Amino acid sequence: MVENIETIGQAMERCRQETLRLLHRIPPALGDRQWHPDFSPIDWHFGHIAFTEALWLLPEPERERFHGPAYQKLFRADGLPKAQRCALPDREAIKQYLGDVRGAVERVWQSAPSPWDQSKTRLWWWLLQHEVQHSETISFLSHLAGIDLGLDQPHYSTDSQKSPLEAAMVAIPAGAFCQGSEQIWAQDNERPAHGVEVEQFWLDKYPVTQAQYQQFIDSGGYQQSKYWTEAGWQWRSTANITAPLYWQPESKTQDHPVYGVSAYEAEAYAHFIGKRLPTEQEWERAARWSGEHHSSTYPWGEALPSLELCNFNNHHGQTTPVNYYDQGRDQGGCYDLLGNVWEWTASTFEPYKNFQPYPYRGYSQVYFDGKHRVMRGGSWATRSWGLRASFRNWYHSWTRQVLVGFRCAS
């Protein structure tokens, strides 16, 4: 059982304060630009958070105050095309919108009978995680824009003379574990929890580092089709890709994870060194293996994420060395399974058996199209409520804008 869980009301208040911190750190002049054609402008996400909260948590008469025709068109997920979402209210108006909606929601909360039934509590946890996920999108769009969102100054070594890490792997024993989650905050695609048998495999102790990936580049990995899948090579050739999106050659972060890579690039590197990407079942087995017969919520056990355990919530605003968080290792000794960078897997995003959509079909079900790849683990921008070993993220295999890296298996 997860330790020290806060109430949903406390969690929503803390989450909103973190969202407002992001809003205050982003220059208003940069909020209404579309930084990538696949994503809406930064400030649109702030407005969408408020719009969605009103949609799901306010009764009809109260909701109409916040869902006028202009906002219906602008802030609905299926409203305007992303490229047409730049004509936004000014920053102060968006901040006011967030505050007014939350004030109305708090009045509903205070007038509700206590205790709430579980279905309503689950909806509130879903809304909180909706805010968490859009806040991460805000974070990586800010990274694309060159905006530093870090709270703390790095307090680890960035010495470029530091020796390269040993390319170590950890043996994950065969066995059964409970995949997925039935916890109240679990998303529909994490449910239902179910038993899975996994054969023994080996998993990299660390995410692939920049120094390791440099060897792939230096060896002409981007020029040799033999390392790539057919789809990957076609993508690389068409887009003329020659390095990761956020690549910084000869930087002082050679022992940090490479990130801004597509699943195609991750697969090519794995083939280059004679390995492969782990399946999501293997990844979750490693991240939840407690050495016993139950599955832990986090790689380190049941303690909530903290600055002693992983890199999350923009505390550094960037990657950290892959061997930095000793206390966050799993039972087998793998580092950084949660936080720092997301990790590609070999698995297509598919429903678990007996999947039930929640709270609507469009959240997960429409992405079970055979075209999306599972990512696991969270990044340096992921908030604590999105960090758990059962959490599933998904993007197209060619996506690189998110803060995603990988580790290999064999």
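Here are a few notes on a helix, a lysine, a sheet and the cavities in this model.

1. Ground rules. This is a predicted model, so to speak of local features takes pLDDT of at least 70 and side-chain atom pairs count only at pLDDT 80 or more, while totals for chains, interfaces and linings use all residues. Residues are numbered from 1 along each chain as its sequence is written, and side-chain values use heavy atoms, with hydrogens and water left out.

2. Helix α10. Have a look at α10, residues 280-288, where 8 of the 9 residues are buried (under 20% relative accessible area, with exposed over 50% and partly exposed in between; 1.4 Å probe, protein chains only). Helices here are DSSP runs of H or I with at least four residues, strands are runs of E with at least two, and both are numbered from the N terminus. The buried set includes Trp283, Ala286 and Ala287, but also Glu280, Glu282, Glu284, Arg285 and Arg288. These buried residues pack against β1 (169-172), β2 (175-179), β3 (194-198), β4 (201-204), β5 (342-348) and β6 (372-376).

3. Lysine 95. This residue sits in helix α5 (residues 91-111), and it counts as partly exposed because its relative accessibility is 31%. Beyond its neighbours within four places in sequence, lysine 95 is in contact with Leu23 and His24 (contact means heavy atoms within 4.5 Å). The side chains of lysine 95 and histidine 24 make a polar contact at 3.1 Å; that term means a pair of N or O atoms within 3.5 Å, where within protein one must be able to donate a hydrogen and the other to accept it, and residues adjacent in sequence count only if both atoms are side-chain atoms. Leucine 20 is 75 residues away from lysine 95 along the chain, yet their C-alpha atoms are 8.0 Å apart.

4. The open sheet. Four strands run in the order β7-β6-β5-β8, with mixed pairing. β7 (393-396) and β8 (404-405) are the edge strands, each with a single partner, so one side of each has no neighbour in the sheet. Two strands pair if DSSP finds at least two bridges between them; β5 and β6 have 3, in the antiparallel sense. Glutamate 343 has arginine 376 in β6 as its bridge partner.

5. Cavities. There are 4 cavities of 30 Å³ or more (on a 1 Å grid over the protein atoms alone, sets of points where a 1.4 Å probe fits but cannot get out; lining residues have an atom within 4 Å of a point). The largest has a volume of about 50 Å³, and its lining includes Phe140, His143, Asn314 and Trp380.

Methods. 1 Å grid on protein atoms, 1.4 Å probe; cavity = no way out; pocket = protein on both sides within 12 Å on 5 of 7 lines; lining within 4 Å. Points joined across faces, edges and corners; volume = space filled by probe spheres on them.
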